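Subject: Structure for you to look at

Hello,

Here is the structure I said I would pass on. My notes on it follow below.

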Amino acid sequence: MASPGPTPLGRTARTVLAALAGVVAVAAAAAPAAALAPPTGPEPSAYVLVDLDRGVVLEARDAHTPRDPASMVKVLTALTAVERLRPGTPVPVSARAAAEPPMRIGMPAGEAWPREQMLDALLMVSANDVAWALAECAGGDVAGFAAQGNSLMRRLGATDGRFGDP
């Protein structure tokens with residue numbers, strides 16, 4: 001059963017979702033910027049390097065171009081589901097969710113799984129079938145869930161992105 005409305009998220013959730021500006025944030029909390037080794041490999045097209053302790057952007061490239069990094073979409077899906085579904089809520093698996101392409105855990109349509117097991121699979125396996133089942137349960141449908149996710153992003157200060165589907 002869906003909860004009656006949003007519940008507040010903590011500092012960790014706000015910090016994680018700050019990266020939803022469409023880039024990957026790298027936390028440089030433990031070491032000063034001068035002590036960080038530059039990344040190896042091809043130059044990224046966009047990035048943000050953040051000192052989370054001070055709340056300071058140390059360096060950025062193309063930080064405000066909207067992107068849909070899959071891992072950040074999964075984190076927003078998880079946070080929106082946690083906000084909307086009470087612990088222990090059985091999450092039904094629709095035929096649409098069960099048919100999602102890999103990565104998935106292979107849930108059969110017609111089953112219902114506890115919210116906590118769904119969240120574990122979503123975050124550990126990045127399971128698309130789980131993401132769609134959570135979205136349909138929490139939002140009534142994917143469009144409703146996307147509206148909830150966009151609302152959560154705005155409340156957390158992520159203003160450059162747009163959430164479309166889980």
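Two rings of Phe, Tyr or Trp are taken as a pair if their centres lie within 6.5 Å. The model is a predicted one, and a search of all of it turns up one aromatic pair. The partners are F145 and F163, arranged edge-to-face, with 5.9 Å from centre to centre and 65° between the planes. The angle is over 60 degrees, so the pair counts as edge-to-face. F145 sits in helix 6 (residues 142-155), while F163 belongs to the segment after helix 6; the two are 18 residues apart, and the pair links distant parts of the chain. F145 and F163 are both buried.

The other item is helix 2 and its contact with helix 5.

The crossing is left-handed. On the helix 2 side the contact is made by K74, T77, A81 and R84, and on the helix 5 side by N128, A131, L134 and A138. An α-helix has 3.6 residues a turn, so residues three or four places apart point the same way. Sorted by class, the contact holds four nonpolar, two polar and two charged residues.

How many of the 15 residues of helix 2 are buried? The count is 11, so helix 2 is largely enclosed by the rest of the structure. The buried residues include K74, T77, A81 and R84, which also take part in the contact with helix 5. As for length, the end C-alpha atoms of helix 2 are 21 Å apart, which agrees with the 21 Å that 15 residues should span at 1.5 Å a residue.

Regards

Methods: Residues are numbered from 1 along each chain as its sequence is written. This is a predicted model: local features need pLDDT of at least 70, side-chain atom pairs count only at pLDDT 80 or more; totals for chains, interfaces and linings use all residues. Side-chain values use heavy atoms; hydrogens and water are left out. A crossing is left-handed if the near helix is turned anticlockwise from the far one by less than a right angle, and right-handed if clockwise. Helices (H or I, at least four residues) and strands (E, at least two) are DSSP runs, numbered from the N terminus. Contact means heavy atoms within 4.5 Å. Ala, Val, Leu, Ile, Met, Phe, Trp, Tyr, Cys and Pro count as nonpolar, Asp, Glu, Lys and Arg as charged, and the others, Gly among them, as polar. The expected span of a helix is 1.5 Å times one less than its number of residues. Buried means under 20% relative accessible area, exposed over 50%, partly exposed in between (1.4 Å probe, protein chains only). Rings of Phe, Tyr and Trp (its six-membered ring) pair if their centres lie within 6.5 Å; planes under 30 degrees apart count as stacked, over 60 as edge-to-face and the rest as tilted.
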